[in-house]
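Notebook open, model loaded. Below is what I looked up, in the order I got to it.

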Amino acid sequence: MFKDLARMGEYLGQAARMMVGQPDYDTYVQHIRTTHPERRPMSYEEFFRERQEARFGGATGKCC
Amino acid sequence: MKSVLPKLGWVALAVLGAISLAVVALSRGESISALWIVTAAISVYLIAYRYYALFIAKRVLSVDAKRLTPAVKYNDGLDYVPTNKYILFGHHFAAIAGAGPLVGPVLAAQMGYLPGVLWILAGVVFAGAVQDFMVLFISTRRDGRSLGDLIKSELGPIPGVIALFGAFMIMVIILAVLALIVVKALTDSPWGAFTVAATIPIAILMGIYMRFIRPGHIGEISIVGFVLLMGAILLGGQVAASPTWAPYFTFDGKQLTWMLIGYGFVASVLPVWLLLAPRDYLSTFLKIGTILGLAVGIFIVSPQLQMPALTKFVDGTGPVWSGSLFPFLFITIACGAVSGFHALISSGTTPKLLENETHAPLIGYGGMLMESFVAIMALVAASCIDPGVYFAMNSPAAVIGKTAVEASQVISQWGFVVTPDVLTQTAADVGEKTIISRAGGAPTLAVGMAHILHQVVGGKAMMAFWYHFAILFEALFILTAVDAGTRAGRFMLQDLLGTFVPHFKRTEALVPNLVATGLCVTAWGYFLYQGVIDPLGGINTLWPLFGVANQMLAAVALVLATVVLVKMKRQRYAWVTVVPTVWLLACTLTAGWMKVFDASPKVGFLSHAAKFSAAAARGEVLAPAKSVEQMQQVIFNDYVDATLCAIFIFVVVSITLFGIRAIVLALRSDKPTAKEVDYGSGVATQVF
């Protein structure tokens with residue numbers, strides 16, 4: 001029960017971050033570790049900034 | 001047995017939906033509960049999703065669970081990430097939901113709730129959701145490329161550039177009309193102006209916190225930001241009541257216009273982390289929260305609809321906007337039924353996050369159904385307030401006068417009996433001096449939301465709080481859209497100008513940045529200013545232009561979808577996109593033509609210009625102009641609006657012709673010619 005609630009909370013947190021264009025950091029780190037073991041993954045801070053810039057750096061605006 | 005039970009469930013749902021729709025459509029003279037509309041809508045959505053969306057997915061498009069999506073193929077943990085479908089649904093919905101579905105239905109309520117409800121439901125099922133889903137699918141099969149790129153590769157480079165240009169012009173109109181809504185809501189409202197102004201320091205505080213103090217911790221500081229916002233609303237009430245402070249936050253339309261233009265320029269050249277990003281977080285969370293709250297509120301309160309099913313204004317003589325039911329209702333409600341702008345989102349970030357093609361119907365079609373439900377709720381909120389109050393808020397001062405006594409007289413003559421006391425009392429309830437001629441939809445929606453929400457939390461004493469909460473919620477995400485849109489418009493413009501002057505493509509260089517931003521702000525600022533000084537409220541002129549533009553973009557996206565279907569050799573299913581395309585072309589071309597050439601000066605820009613020219617020749621000065629120069633300005637604006645409308649018509653007609661050419665070529669070929677990327681490997685993607 002509590003485990004389910006914790007997982008639920010985790011999902012909601014992920015969903016909320018994804019709504020503002022921040023993908024999951026742990027997934028990113030795991031991806032780099034498994035597919036590019038030679039690379040150093042960005043720190044959370046770097047990752048956050050990189051994503052923030054990317055979200056507003058393109059020509060796709062907000063919707064009306 | 002196993003297969004019979006679920007079917008029985010769907011039959012029961014269909015019966016329930018049919019009964020609700022019948023109640024909504026057939027009751028005359030007595031008010032019905034809003035729950036009938038909500039039930040009808042939800043039944044229609046579920047059935048449409050279960051049968052039509054899955055039919056499109058399986059039969060029309062043959063979505064393939066084994067095909068690699070760009071998210072899997074290019075997985076980098078950043079732009080391309082296979083994402084849980086429910087989380088992606090949230091992302092996509094947050095990206096498509098904006099002010100559009102909240103405003104259009106409110107304006108359309110002048111004809112009664114019935115035409116709006118029927119168009120929202122039919123439009124979303126057969127046009128809007130189909131468009132969002134198909135564009136998502138098409139982009140996913142092409143490495144998640146953007147709409148302009150897709151048109152370029154499937155229709156040819158010329159229509160690609162035309163579409164890019166059309167998208168930029170639409171952006172300009174959207175920004176102008178959104179900004180106009182904010183101006184209309186905040187004019188002479190110190191409470192509203194204070195709370196909206198307070199969002200700027202709150203956002204900057206959040207930005208600094210997330211940048212330097214606890215980098216990347218969105219959740220905690222968003223909660224702090226939310227608490228500060230609520231505090232700002234409460235403080236705003238004190239400010240408005242204080243004789244010393246209220247004058248500092250009381251602005252007229254022109255002052256607000258210049259402030260917004262200056263703000264738009266500054267906000268879109270500042271670094272994103274300082275102002276834009278934190279306010280985007282705040283407005284996104286507030287938006288989702290408020291939409292959920294409103295849904296809960298409607299279920300708990302189940303308000304009675306006060307607006308009749310049909311009003312006498314279906315004949316086109318309404319005060320809120322001019323024009324007959326066909327075609328103007330279908331462009332007044334754009335978002336919520338069908339919105340071309342979504343094609344840009346469905347070919348933006350979402351296709352790069354799609355884990356599997358089979359998720360596309362839930363996210364594309366389902367996401368749009370959700371937006372449609374927001375439109376239904378807005379229509380309910382606007383229809384559950386006193387119709388007399390509705391018309392007092394939405395009719396221009398040139399028609400109903402400036403005082404409660406004058407307004408109630410005029411509106412009562414229309415058959416919506418309302419006393420001056422009701423108008424002043426409503427204004428007092430929501431903490432404003434007057435509610436007369438607050439066009440633009442947002443204030444009406446705010447009164448409707450306050451009407452519903454105060455019955456759930458707080459009672460009568462909280463009505464003013466809820467009203468200003470609703471105004472803040474709309475202004476917040478409209479302003480976010482204005483600076484994000486100005487930025488996006490700047491990139492589009494740099495891309496367009498870069499085609500001719502390569503130096504302009506360099507988005508990081510200061511001079512092209514400032515020049516493109518300046519051009520973009522000037523473009524929407526021009527239309528905004530023109531709308532603000534218009535005695536008919538400006539919404540009258542700008543909203544139809546926006547609706548025409550947005551629906552035309554939808555027609556363009558559906559033409560692309562039709563071309564792709566034929567190229568995939570699935571032309572036997574082409575009716576799925578051809579039917580909504582033809583309908584949208586009929587509505588938008590008729591409306592566009594009428595806006596330019598209609599003989600009535602209330603509708604046609606050219607006849608309006610002719611009326612003013614004739615008066616000017618006689619030496620007369622017609623309102624809003626106060627001098628001969630202003631007469632010339634009005635005439636000039638009419639020509640600008642007519643030209644813009646003609647440009648939109650050119651864009652959509654030319655792309656349709658290019659589409660037909662591509663279809664003919666594809667039919668001649670004996671094998672599929674769609675330019676999908678390979679099953680496994682693909683080329684590196686270029687995104688603009």
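The cut-offs: buried takes 20 or more other C-beta atoms within 10 Å of a residue's own, exposed takes 12 or fewer, partly exposed is in between, and the C-beta atoms are placed from the backbone. B:Leu21 is found in helix 1 (residues 4–26) of chain B. I also checked B:Leu21 against B:Leu496: they are 475 residues apart along the chain, and their C-alpha atoms are separated by 47 Å.

Housekeeping before I forget. This is a predicted model, where local features need pLDDT of at least 70, side-chain atom pairs count only at pLDDT 80 or more, and totals for chains, interfaces and linings use all residues. Residues are numbered from 1 along each chain as its sequence is written, while chains are lettered from A and ligands numbered from 1 in the order in which they are written.

**Chain B overall**

I counted 26 helices and zero strands in chain B. Helices here are DSSP runs (H or I, at least four residues), strands are runs of E (at least two), and both are numbered from the N terminus. The C-alpha trace of chain B spans about 70 × 70 × 60 Å along its principal axes. For 688 residues a compact globule would have a radius of gyration near 26 Å, and chain B agrees with 25 Å. That radius is taken over C-alpha atoms, and the globule rule is 2.2 Å times the number of residues to the power 0.38. Of the 688 residues in chain B, 57% are buried.

Next I looked at contacts (C-beta atoms, placed from the backbone, within 7 Å). Among contacts in chain B with a separation of 6 or more, 80% come from residues 24 or more positions apart.

**Core**

Which residues have the most contacts inside the largest nonpolar core? They are B:Ile173, B:Ala176, B:Ala179, B:Ile376 and B:Ala392, in a core of 249 residues. Helix 21 of chain B gives the most to this core, with 22 residues. A nonpolar core means buried Ala, Val, Leu, Ile, Met, Phe, Trp, Tyr and Cys residues joined through C-beta atoms within 7 Å. I followed up on B:Ala176: leaving out residues up to four places away in sequence, B:Ala176 touches B:Trp524, B:Phe527, B:Leu528, B:Gly531 and B:Leu542.

Helix 21 (residues 463–498) has 36 residues, of which 32 are buried. At 1.5 Å a residue helix 21 should span 52 Å, and its end C-alpha atoms agree at 51 Å apart. The expected span is 1.5 Å times one less than the number of residues.

Helix 16 (residues 387–394) has eight of its eight residues buried, so it is largely enclosed by the rest of the structure. Those buried residues include B:Tyr390, B:Phe391 and B:Ala392. They pack against helix 15 (360–383), helix 17 (397–400), helix 18 (404–413), helix 19 (420–429) and helix 20 (442–453) of chain B.

Helix 10 (residues 218–241) has 24 residues and reaches 34 Å from first C-alpha to last, close to the 34 Å expected. Its buried residues include B:Ile218, B:Ile221, B:Ser222 and B:Gly225. The buried residues of helix 10 pack against helix 1 of chain A, together with helix 9 (190–213), helix 12 (276–301) and helix 21 of chain B.

**Chain A and where it touches chain B**

Chain A has three helices and zero strands, and 30% of its 64 residues are buried. I found 30 residues of chain A in contact with 49 residues of chain B. Helix 1 (2–19), helix 2 (25–35) and helix 3 (44–56) of chain A each supply at least two residues of the side that touches chain B. Helix 3 of chain A gives the most, with nine residues. By class, that side of chain A has 15 nonpolar, nine polar and six charged residues. Ala, Val, Leu, Ile, Met, Phe, Trp, Tyr, Cys and Pro count as nonpolar, Asp, Glu, Lys and Arg as charged, and the others, Gly among them, as polar.

**Confidence check**

The model scores ipTM 0.95 and pTM 0.95. pLDDT is the predictor's confidence in each residue, from 0 to 100. Chain B averages 93, with 98% of the residues at 70 or more; chain A has a mean of 89, with 89% of its residues reaching 70 or more. Residues 681–688 of chain B stay under 50. Where pLDDT is low, the predicted coordinates should not be read in detail.

Notes. Two residues are in contact if their C-beta atoms, placed from the backbone, lie within 7 Å.
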